[in-house]
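These are my notes on one structure. I looked up a few things and wrote down what I found.

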Amino acid sequence: MGSFTAPRYMKISNTPNTSSTITGFILLGFPFSREGQILLFLLFSVVYLLTLMGNGSIICAVYWDQRLHTPMYIFLANFSFLEIWYVTSTVPNMLANFLSDTKVISFSGCFLQFYFFFSLGSTECFFLAIMAFDRYLAICQPLRYPTIMTGHLCTNLVVSCWILGFLWFPAPVIVISQMSFCGSRIIDHFLCDPGPLLALTCARVPVMDFFWMILSSLLLFIPFLCIMGSYTLVLRAVLRVPSAAGQRKAFSTCGSHLAVVSLFYGSVMVMYLSPTTEHESGMQKLVTLFYSVGTPLINPVIYSLRNKDMKHALQKFLGI
């Protein structure tokens, strides 16, 4: 473990300070030796570039290939665009943190990251739900699908996901930012997460904890129930298909999305809905790292490998 000292201009005390007197927080991140920090910087730089390239390639493939101008791929392109911003809300600051001696993030920077990270995560939940709904319509209502999933409805669904995602968490973010903070200002995480932030407040506010739990639970379970409902109906419809080839074709159109849903929701639910203790900060970092950095990297691979049309469009776009 490398030694860690707080910057001189950050006041370390046990006295209450309002948000107006706080100069910043210390993101402890991954406190390895200097050499370890440099290795992590190189590793996550490569991961970040690959994530941008993978998701950017999907966006370009959908844009340039006229055959992919359908609701399914429009949703996927928006999802890839979202993933780029989702990983950008954490990784650039994390990279700077690896090379920093002070590891300080400003008060406003911390809460901006808090807001955008959770807003983009909320938007991802809604996109996963409408993508499942789209697959339900395509498989269970194939004849009516073109008249139901029109361009107008597709646009409305996309816009609604972005608006709902960014309107879900501003209230708690603003309330937490107005609380008084005491102690060392050290956040044992690589991003500004509500758990460590609330732990630094001078007095725990049970109402705020309860409010955050309710918002997080509703955000996770409402889209998740929609996804499970859609795929239950899809499964019932597919099992009625007489031919095995028809069943495989139907399952292949859903397999990629189900894999992404499993990776994202599995890790997020472990993080925010399971009991945690002070001794689990390392595990919390790893789980958060997986769904905030790992899944945006893996998703383009899942969608391109399991989808023939996307694979062909990417090969054409990349000139392979």
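Which cysteine forms a disulfide with Cys 110? I found that the partner is Cys 192, with the two sulfur atoms 2.0 Å apart. A disulfide here is a pair of cysteine sulfur atoms within 2.5 Å, and by this rule I count two disulfides. For Cys 110 and Cys 192 the torsion about the S-S bond is about -125°, so this disulfide is left-handed. Cys 110 sits in helix H4 (residues 107-140) and Cys 192 in the loop between strand S5 (186-187) and helix H8 (194-199), so the pair ties together parts 82 residues apart in sequence. Helices (H or I, at least four residues) and strands (E, at least two) are DSSP runs, numbered from the N terminus.

I noted the source next. This is a predicted model, where local features need pLDDT of at least 70 and side-chain atom pairs count only at pLDDT 80 or more, while totals for chains, interfaces and linings use all residues. Residues are numbered from 1 along each chain as its sequence is written, and side-chain values use heavy atoms, with hydrogens and water left out.

Then I looked up the transmembrane regions. The unreviewed UniProt entry lists several, including residues 38-64 and 286-305; such annotations may be inferred rather than shown by experiment. I find residues 38-64 to be 100% helix and 0% strand, with end C-alpha atoms 38 Å apart. Residues 286-305 are also 100% helix and 0% strand, and their end C-alpha atoms lie 26 Å apart.
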